[in-house]
Amino acid sequence: MIASIKDNDELQLNAYCDGELDPASAIEFERRLANDESLKARYSRLLSLRRAVRALPLFEVPPDLRARIDSKLDADRPGQAARPRPRSWSFQALAAAAVFGAVIASSVMLTIERYDLREDVARQVVAGHIRGQLAPQPFDVASSDRHTVKPWFTSRLPESPQVPDLAAQGFALVGGRVDVVGRVPVATIVYKHAAHMVSLTTLPPGQSVSDQSIAGYNVRSWSDEQFTYIAVSDLASADLASFERAFSAGSPVPEVK
C-alpha cells in the first residue's frame, strides 16, 4: 500500500512538473507540497535534475564512431541488402552504445554535482547574511570609511577586495566582516540602502553562482579578474542589479600602507 502511494506521488510529481495536471489537481498537489517536507525535497531534487539535464552541452557523436555503429547495425548478408530484416546487436555495437551511454551519464552526473556545489555555495552565503542580520550588528568592523574597512580585510585575509564608496549611488558603506564559505574565510562588505542591508561576499575567481532567491533573499552574482562577487539582500532584484552596476563602476581603492 505504501509503495502504491509513493508510486502515485511520483506520477503526480512528474505530471505537475510537466504542467499536465488539471487546475484542481494542481492546486491540491501544491497544498500537499507546502505541507509535506519529504515531497517538497523530492520536488526540489527533480527540478535540480531537470535543470542539470537542460544545461548539458550538445554531444556530437564522432564521425568514425557513428560510421562503425551504422556499419554494425546495417550490415546484411550478400544479396539481401535491399530486403529489410530486424537489426541484431553485435557485441561491438553494444560496446559502442555502452560507451556512448557512459559518456552521457558521466556528463549528467558531473553537471548535477557542479550545480549542487554552486547551490551549496549560494546557500552558505545567504546563511552568512542571515547570521549577520540576527547578530547585534551585521559586521565585525563598523565603519563608513573605505580606508578603514579595506586595511581591516588586508590584515586578516590573503586577498582583500576593493571597497568603493557608493554613498552617492544610494548604497552607504557600513562595515565588513569575515564569513566562512566551504571552510575558507572570505571577505563580506556590508552596505545599507534605506532600511535594507546588502552583504557582498567575495570568493576566488572562476566560481559560478546563479541569480536566484533563497529563503526570501535575492542572490546576485558577477565576476571580474580578481573575485566572484555574491550580493545578498531582501532588496528587489532590480535594486540589487543597480547595486551591481554601482559597485562595478566604483573606482579601485589603492592599498593603504
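Val-141 stands opposite Gly-176 in strand S2, and this pair belongs to the 2 bridges that join strand S1 to S2 in the antiparallel sense. The model is predicted, so local features need pLDDT of at least 70 and side-chain atom pairs count only at pLDDT 80 or more, while totals for chains, interfaces and linings use all residues. Residues are numbered from 1 along each chain as its sequence is written, and side-chain values use heavy atoms, with hydrogens and water left out.

**Overall make-up**

- Along the sequence, the order of elements is α-α-α-α-α-β-α-β-β-β-β-β-β-α.
- Of the 257 residues in the protein chain, 35% are buried; buried means under 20% relative accessible area, exposed means over 50%, and partly exposed lies in between (1.4 Å probe, protein chains only).
- The accessible surface of the protein chain is about 15,600 Å², and carbon and sulfur atoms account for 57% of it; such areas come from the Shrake-Rupley method with a 1.4 Å probe, and for residues only the protein chains shown count as cover.
- Among contacts between residues at least 6 apart in sequence, 54% join residues at least 24 apart; a contact means heavy atoms within 4.5 Å.

**The sheet**

- The 7 strands form an open sheet in the order S1-S2-S3-S4-S7-S6-S5, with antiparallel pairing; two strands pair if DSSP finds at least two bridges between them.
- Strand S1 (141-142) and S5 stand at the edges with a single partner strand each, so one side of each has no neighbour in the sheet.
- Helix H6 packs on the sheet and touches S1, S2 and S3, and its direction makes about 10 degrees with that of S2.
- Helix H7 lies across S3, S4, S6 and S7, at about 30 degrees to S6; axes are lines fitted to C-alpha atoms, for helices over the stretch in contact, and angles run from 0 to 180 degrees between N-to-C directions.

**Strand S6 and its partners**

- In strand S6 (residues 217-223), 5 of the 7 residues are buried.
- Strand S5 (residues 212-214) pairs with S6 in the antiparallel sense over 3 bridges, and Ile-214 has Tyr-217 in S6 as its bridge partner.
- The hairpin of S5 and S6 has 2 residues between the strands, and Ala-215 there takes a positive phi near 55 degrees.
- On strand S7 (residues 228-233), 6 bridges make an antiparallel link with S6, and Ser-221 stands opposite Ile-230 in S7.
- The hairpin from S6 to S7 passes through 4 residues.

**Nonpolar cores**

- The largest nonpolar core has 23 residues, and Phe-153, Ile-189, Tyr-191, Leu-200, Phe-243 and Phe-247 touch the most other members; such a core is a set of buried Ala, Val, Leu, Ile, Met, Phe, Trp, Tyr and Cys residues joined through side-chain atoms within 4.5 Å.
- Two or more residues of this core come from each of helix H6 (146-154), strand S3 (184-193), strand S4 (196-203), S7 and helix H7 (237-249).
- H7 gives the most to this core, with 4 residues.
- A second, separate core has 13 residues, among them Val-125, Val-181, Tyr-217 and Ile-230.

**Asp-179**

- Asp-179 is found in strand S2 (residues 172-181), where it is buried, with a relative accessible area of 10%.
- The side chains of Asp-179 and Arg-177 are joined by a polar contact of 3.1 Å; a polar contact is a pair of N or O atoms within 3.5 Å, where within protein one must be able to donate a hydrogen and the other to accept it, and residues adjacent in sequence count only if both atoms are side-chain atoms.
- Apart from neighbours within four places in sequence, Asp-179 is in contact with residues including Gly-128, Val-184, Pro-185 and Thr-201.

**Loop residues with positive phi**

- Most residues other than glycine have a negative phi.
- Arg-183 has a positive phi of about 70 degrees although it is not a glycine; Arg-183 lies in the loop between S2 and S3 and is exposed, with a relative accessible area of 83%.
- Ala-194, also not a glycine, has a positive phi of about 55 degrees; Ala-194 lies in the loop between S3 and S4 and counts as exposed at 63% relative accessibility.
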